[in-house]
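Subject: Structure for your review

Hello,

Here is the structure we discussed. Please open it alongside this note; the findings follow below.

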Amino acid sequence: MSEREPIPSPEAFRDEVVKSYSGKVAKKRAKHILVNDPEVPAEIEANVRTIPGIISQRGCCYAGCKGVVMGPIKDMVHIVHGPIGCSYYAWLSRRNQAATGDGIANFIHYAFSTDMQEEDIVFGGEKKLAQACREAYALLKPTAIGLYSTCPVGLIGDDVHAVARQMKEELGINVFGFSCEGYKGVSQSAGHHIANNGLFKNVVGENDTPVDHPFSINLLGEYNIGGDAFEIERILDLCGIHLVATFSGNVKYDDIAQSHNAKLNVVMCHRSINYMAEMMESKFGIPWFKVNFIGADSTAKSLRKIAEYFGNEDLTARVEEVIADELAKVVSVRADVASRLSGKTAMLFVGGSRAHHYQDLFSEVGMTSVAAGYEFAHRDDYEGRRVLPSIKVDADTRNIEELHITADDTRYAPRRTPEEIAAAEKRGFNWRDYDGMMSQMKKGTLVIDDISHFEMEKLIATYKPDIFCSGIKDKYVVEKMGVPCKQLHSYDYGGPYAGFIGATNFYQEIDRMIGKRISKLITPPWKKQSA
Amino acid sequence: MSLPIAVPSSKRPAATNSCRVCAPLGSVLAFRGLRGCMPLIHGSQGCATYIRRYLISHFREPMDVASTSFDESATIFGGQSNLAAAIKNLVRQYSPEVIGVCTTCLAETIGEDTVGILREITTADPDLPPIIHVATPSFKGCQYRGFHDTVEAILRATARGGERLPHVNLLPGPVSPADLRHLREIVAAFDLPLLMLPDYSETLDGPSLASYAPIPEGGTPLAEVADAGRATGTLQLGATLADGPGAYLEREHGVPLVKASLPIGVRATDAVLESLAAFAMESAAGTSASAPITPAWLSAERGRLVDAYVDGHKYVSGKRVAVVGDPDLAVGVAGFCAEIGLVPVLVASGALTHRMATALDLLGLAPGSFEVMEDADYDSIGRRVAELKPDLILGPSKAYPTSRALGIPLVRIGFPVHDRIGAGRILHLGYRGTQRLFDEVANALLDHQQDSSEMGYAYQ
């Protein structure tokens with residue numbers, strides 16, 4: 001065997017990889033690739049348009065709106081206004097799950113499209129869309145209907161909002177539209193924002209039935225991929241915390257309509273739903289803070305923070321009891337798995353929060369995340385919310401509506417007085433907090449925003465991590481390179497990975513993936529001789 | 001008389017659980033069968049992402065697709081600079097041998113002059129690799145059309161006429177990598193040089209390698225496609241294609257075209273082998289080579305298949321089936337079913353060809369014994385299946401909810417198959433593919449009989 005070449009420093013890697021691009025592209029991409037310093041996170045370029053011809057992981061505005069945020073609401077019908085592909089591709093492909101039974105409607109197995117044809121493009125498709133609403137209503141009697149615009153819709157001037165108003169009146173259920181054409185914004189992130197706005201304007205606050213529970217919360221930014229929300233529901237239930245609505249995994253329309261009556265909002269995926277948390281605080285006075293149910297210790301920490309917020313002794317005791325019980329089951333598996341995985345390396349390039357959250361699970365088994373980045377996050381998800389005032393708003397962002405919310409005339413009821421908030425802060429209790437990914441990653445690790453396919457291949461070839469976390473688009477490339485790839489979008493048909501049971505599942509899954517020896521079979525014996 | 005039923009989905013206000021997907025997906029699949037090709041989708045970035053993720057979930061193989069990533073200004077003013085930049089960046093990163101450009105609904109809706117823009121780009125930079133363009137608006141056709149239009153675009157851009165050469169062109173249609181490999185093997189057995197377009201048998205079913213190739217090996221070299229206009233003949237598979245890409249070669253370069261149904265079943269495979277034998281005869285004419293005979297291994301496979309038909313007839317005879325898939329696959333599979341005594345009561349496709357019923361009549365299905373649904377969605381297919389109550393469904397993974405809801409077993413064929421592994425290795429064609437299909441059909445029926453029997457049959 002030849003002597004192994006020295007491993008390049010992250011700085012050398014960055015310089016080398018951008019050199020492969022032309023001058024202008026190299027200059028742009030260099031701003032997305034940083035060598036981390038957790039003490040002083042540097043400014044990263046994020047949430048800007050992907051360069052044509054650079055193969056990106058990113059999707060579109062429609063995907064973020066219908067596919068991510070709205071699609072999981074289970075008793076709604078979602079009608080995609082456009083040619084057929086857009087609806088088909090978002091048909092269950094995120095693996096978000098929804099419980100059914102007891103008369104609860106679950107329509108997530110349906111994919112509706114107006115299936116626009118040439119005559120609709122030429123003459124307009126509003127009538128077809130209205131008729132589609134009638135047909136879907138006749139078929140399923142949903143609680144509400146959402147209408148989603150795809151690229152051609154904005155161009156031909158179809159007004160989904162006008163159709164929605166007309167259908168709301170005619171059908172007597174809530175019908176609302178989204179102008180989430182795929183070309184808007186720079187990624188699915190624009191769609192998250194548009195979905196937040198639409199949900200806030202059309203659903204939140206529609207049902208004023210009071211929530212009669214002392215510890216009621218909403219869980220924002222949890223989409224129940226692989227059953228994560230089921231596990232979080234189980235834990236909250238054990239603790240005696242009442243979940244009013246999850247945005248939007250395993251949720252009913254009415255839960256969201258009533259969510260303004262909860263006492264607290266906790267945020268999982270900051271990127272996709274922080275808008276909602278902010279708007280609900282402004283309009284209804286519900287405070288919010290960030291939680292993370294990915295990782296057993298992170299789950300315990302999040303539960304303790306919720307208990308601290310409510311400041312009730314019984315609740316605190318119950319939460320401690322649940323944590324003790326659940327952790328007892330986790331630690332033996334964790335210790336066993338860590339005995340094999342400790343010191344191994346992971347890379348995570350996914351989403352707008354998972355590339356950060358899952359680092360907790362890896363560190364729980366002694367692994368180091370040596371490179372990470374988001375697909376569609378913004379600077380605040382990397383550097384923390386402290387940079388929010390200094391983020392420059394470019395044309396792509398300016399085109400996404402920003403709602404200006406004021407306190408509701410009758411329903412604004414601050415759950416905490418300014419004095420209580422200040423007092424808690426003094427104790428070290430953080431509100432509206434998110435410190436971002438970079439402050440948690442080690443010095444000298446690589447942070448790469450909107451990693452290109454090309455950069456990913458170089459990164460893996462250079463550093464050969466023990467595991468790479470990404471999505472299905474990269475999975476088979478990574479595995480052909482002999483590195484196991486865990487899909488953190490769809491969970492590779494597995495899950496849940498949230499909460500305590502989820503943590504155990506994840507440790508075991510990573511143990512299986514890193515421990516497998518199949519790659520040893522790649523080279524046949526007759527080719528090994530000459531090596 | 002075949003009875004087209006239900007309102008076609010595109011005429012209905014809503015497609016509920018669509019049975020077709022968009023045109024650029026078919027185009028990208030076809031481009032994947034050209035050696036060293038990087039597909040580039042002109043328009044919205046999300047289309048490239050969605051198409052990649054969907055094809056990957058079927059093939060479980062890398063599938064890189066680039067995008068020109070329109071922003072709002074490109075949407076208003078056109079994407080000329082995006083296309084130029086994308087091509088430049090792709091060449092720099094991947095050094096592709098050819099770039100295949102197809103279009104999204106966005107580019108087509110704004111009336112982008114992609115041909116003109118590409119002409120300018122290639123004139124300005126003569127060193128660029130060949131670029132092949134095909135318009136793929138999904139509001140005019142689905143993946144089936146996108147696939148065939150792309151094959152035709154490749155031929156139009158590349159095929160040249162001239163003195164006849166001994167090879168045969170094979171246009172297989174959107175079949176599986178395993179099917180493509182088997183077709184290659186069959187043609188080779190006739191000592192017939194082959195030009196198959198496209199050929200993604202290796203690019204979408206490749207090995208794990210010690211070193212990774214960003215553009216997977218395999219595929220038909222563009223230089224060879226140039227000879228398509230000089231072939232002894234073209235064999236075009238697909239019973240529902242009106243003209244198809246092969247007609248272009250015949251018209252433009254005088255290459256004789258033989259159209260055949262997909263070789264599924266004994267008779268359909270016999271017909272394809274006879275065509276190949278005729279081509280081999282033609283190709284060898286004037287040389288000292290002896291007249292081609294059907295190779296022994298193919299005869300042996302045929303013999304085993306017929307023997308299996310005899311053995312399994314009692315399990316399948318008279319059972320009623322519904323077949324769902326791309327029009328040519330659905331027709332081919334229905335023909336096979338009829339041959340073994342299964343009764344196809346419903347043959348359905350999301351595509352609209354207006355020719356499925358005729359093709360089935362030609363395959364000898366008893367007139368009036370079956371219904372055809374073209375332009376259908378799974379909601380209408382599911383309703384009809386519920387009424388017809390067949391014993392078995394043959395179709396892609398999207399037919400699973402219907403199968404589950406009605407308790408009717410499903411044998412997975414075609415595209416997409418994303419809830420089983422080995423989609424790329426599903427062999428549908430030839431005596432060997434038919435054998436596999438027959439065994440699976442008979443066993444699915446037996447499984448169902450055992451599982452649903454109170455007595456618990458354990459010996460059949």
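**A covered strand in chain A**

Strand β2(A) is covered on both faces: A:Met76, A:His78 and A:Val80 are buried on one side, and A:Val77, A:Ile79 and A:His81 on the other. Buried means that 20 or more other C-beta atoms lie within 10 Å of the residue's own; exposed means 12 or fewer, partly exposed is in between, and C-beta atoms are placed from the backbone. Helices (H or I, at least four residues) and strands (E, at least two) are DSSP runs, numbered from the N terminus.

A word on conventions. This is a predicted model: local features need pLDDT of at least 70, side-chain atom pairs count only at pLDDT 80 or more, and totals for chains, interfaces and linings use all residues. Residues are numbered from 1 along each chain as its sequence is written, while chains are lettered from A and ligands numbered from 1 in the order in which they are written.

Back to β2(A), residues 76–81. Because 6 of its 6 residues are buried, the strand is largely enclosed by the rest of the structure. It pairs in parallel with β4(A) (residues 144–149) over 6 bridges. Pairing requires at least two DSSP bridges between two strands. β2(A) also pairs with β3(A), again parallel, over 2 bridges. A:Ile79 has bridge partners in both: A:Leu147 in β4(A) and A:Phe112 in β3(A).

**Across to chain B**

β3(A) also reaches the other chain. It pairs with β2(B) (residues 15–16) in the antiparallel sense, over 2 bridges. There, A:Phe112 stands opposite B:Thr16.

The interface puts 62 residues of chain A in contact with 58 of chain B. Contact means C-beta atoms, placed from the backbone, within 7 Å. On the chain A side, elements giving two or more residues include α3 (61–70), β3 (112–113), α6 (126–140) and α19 (453–463). That side has 32 nonpolar, 18 polar and 12 charged residues. Here Ala, Val, Leu, Ile, Met, Phe, Trp, Tyr, Cys and Pro count as nonpolar, Asp, Glu, Lys and Arg as charged, and the others, Gly among them, as polar.

**A second sheet in chain A**

Four strands form an open, parallel sheet in the order β7-β6-β8-β9 (chain A). β7 (242–248) and β9 (288–290) are the edges, each pairing on one side only. β8(A) (residues 264–267) joins β9(A) by 3 bridges. One bridge partner pair is A:Val266 and A:Phe289.

**A:Val447**

A:Val447 is in strand β12(A), residues 446–448. Is it buried or exposed? It counts as buried, because it has 25 C-beta neighbours inside 10 Å. A:Pro10 is 437 residues away in sequence, yet the two C-alpha atoms are 9.7 Å apart. Beyond four places in sequence, the contacts of A:Val447 include A:Leu34, A:Ile44, A:Tyr382 and A:Met438.

**Helix α8 in chain B**

α8(B) covers residues 177–189. Its 13 residues should span 18 Å at 1.5 Å a residue, and the end C-alpha atoms are 19 Å apart, which agrees. The expected span is 1.5 Å times one less than the number of residues. Buried residues in α8(B) include B:Leu180, B:Leu183 and B:Val187. Among the elements covering its buried residues are β7 (168–171), α11 (266–284) and α17 (430–451) of chain B. B:Asp191 follows the helix, with a positive phi near 55°.

Best regards

Definitions and conventions. Contact = placed C-beta atoms within 7 Å.
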